[in-house]
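Here's a quick tour of a predicted model, written for someone who likes to know the cut-offs behind the words. Have a look at the structure first, then read on.

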Amino acid sequence: MGTSVREIMDRAGGMRDGLSLRGFLPGGASTDFLSASQLDLKMDFDSVTKAGSRLGTGTMVVLDDRTCPVGMVLNLERFFARESCGWCTPCREGLPWIARCLEALEEGRGEMDDIRILEEHAMNLGPGRTFCALAPGAVEPLQSALKLFREDFEAHVRQKRCPWK
């Protein structure tokens, strides 16, 4: 507790040669992305909360500058959609819908309106709108990726393909 992101990454071996950090999920898959500019952030509950995320499991997931953030979020959303117990409608129907929208973007079939739909789903599946914490946790990386990496989402639509492939 209290060790900086930079020091943790250095002790873990750092980024692979030739790669740069673009962002990271500080507390595992169900937390908000933070940017590379926050490398000196202390990994403790208060600091990470003030930075706009959660410590969660404390399992840091990093995004390098050669990985598509849309594809990364799609991978997370597919996982969360499969994990839904199906009891509440927002989770049962909303998470697969999010995954389908992200798949359309990745496959070059996405429209700019899909980005708006993803933003609405992120809001509608947030805290207090489902029976458990699965959907609110699932939309944290999505809504933060839409803010931090919006240009990547839009590039998928404009180029009618994943620009990272």
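A residue is called buried here if its relative accessible area is under 20%, exposed if that area is over 50%, and partly exposed in between, using a 1.4 Å probe and protein chains only. Since the model is predicted, local features need pLDDT of at least 70 and side-chain atom pairs count only at pLDDT 80 or more, while totals for chains, interfaces and linings use all residues. Residues are numbered from 1 along each chain as its sequence is written, and side-chain values use heavy atoms, with hydrogens and water left out.

Lys and Arg count as positive and Asp and Glu as negative, with His and the chain ends not counted. A salt bridge needs a side-chain nitrogen of Lys or Arg within 4 Å of a carboxyl oxygen of Asp or Glu.

Glu77 is found in helix α3; helices (H or I, at least four residues) and strands (E, at least two) are DSSP runs, numbered from the N terminus. Glu77 is buried yet has no salt bridge, and the nearest side chain of opposite charge, Arg78, is 10 Å away. What is Glu77 in contact with, leaving aside its neighbours within four places in sequence? With contact meaning heavy atoms within 4.5 Å, the list for Glu77 is Leu95, Ile98, Leu102, Ala138, Val139, Pro141 and Leu142.

Asp32 is also buried without a salt bridge, and Arg54, the nearest side chain of opposite charge, is 5.8 Å away. Asp32 lies in the loop between β1 (21–25) and β2 (34–35). Not counting residues up to four places away in sequence, Asp32 touches Phe24, Leu25, Pro26, Gly52, Ser53, Glu140, Gln143 and Ser144.

**The nonpolar cores**

In soluble globular proteins, nonpolar side chains tend to be buried together. A nonpolar core here is a set of buried Ala, Val, Leu, Ile, Met, Phe, Trp, Tyr and Cys residues joined through side-chain atoms within 4.5 Å. The largest one has 34 residues, and those with the most contacts inside it are Phe33, Leu95, Ile98, Leu102, Leu118, Leu142 and Phe153. The elements giving two or more residues to this core are α3 (69–83), α4 (89–106), α5 (112–124), α6 (134–148) and α7 (150–159). Apart from that core lies another, of 10 residues, among them Val5, Met9, Phe24 and Leu39.

Three strands form an open sheet in the order β2-β1-β3, with antiparallel pairing. Two strands pair if DSSP finds at least two bridges between them. The edge strands are β2 and β3 (61–64), each pairing on one side only. Helix α3 lies across β1 and β3, running at about 150° to β3; axes are lines fitted to C-alpha atoms, for helices over the stretch in contact, and angles run from 0 to 180 degrees between N-to-C directions.

**Salt bridges**

By the rule above, the count comes to 15 salt bridges. Here are three of them, with N to O distances.

| Pair | N to O distance |
|---|---|
| Arg11 and Glu7 | 2.8 Å |
| Arg116 and Glu120 | 2.4 Å |
| Glu119 and Arg150 | 2.5 Å |

Arg11 and Glu7 are four residues apart in helix α1 (residues 5–11), so about one helical turn separates them. Arg11 is exposed at 68% relative accessibility, whereas Glu7 is partly exposed at 32%. Arg116 and Glu120 are likewise four residues apart, about one turn of helix α5.

Glu119 lies in helix α5 and Arg150 in helix α7, so this pair ties together parts that are 31 residues apart in sequence. Salt bridges that share partners join Glu119, Arg150, Glu154 and Arg158 into one network.

**After α7**

Lys160 lies in the segment after α7 and is partly exposed, at 44% relative accessibility. Its phi is near 55°, a positive value in a residue other than glycine. Most residues other than glycine have a negative phi.
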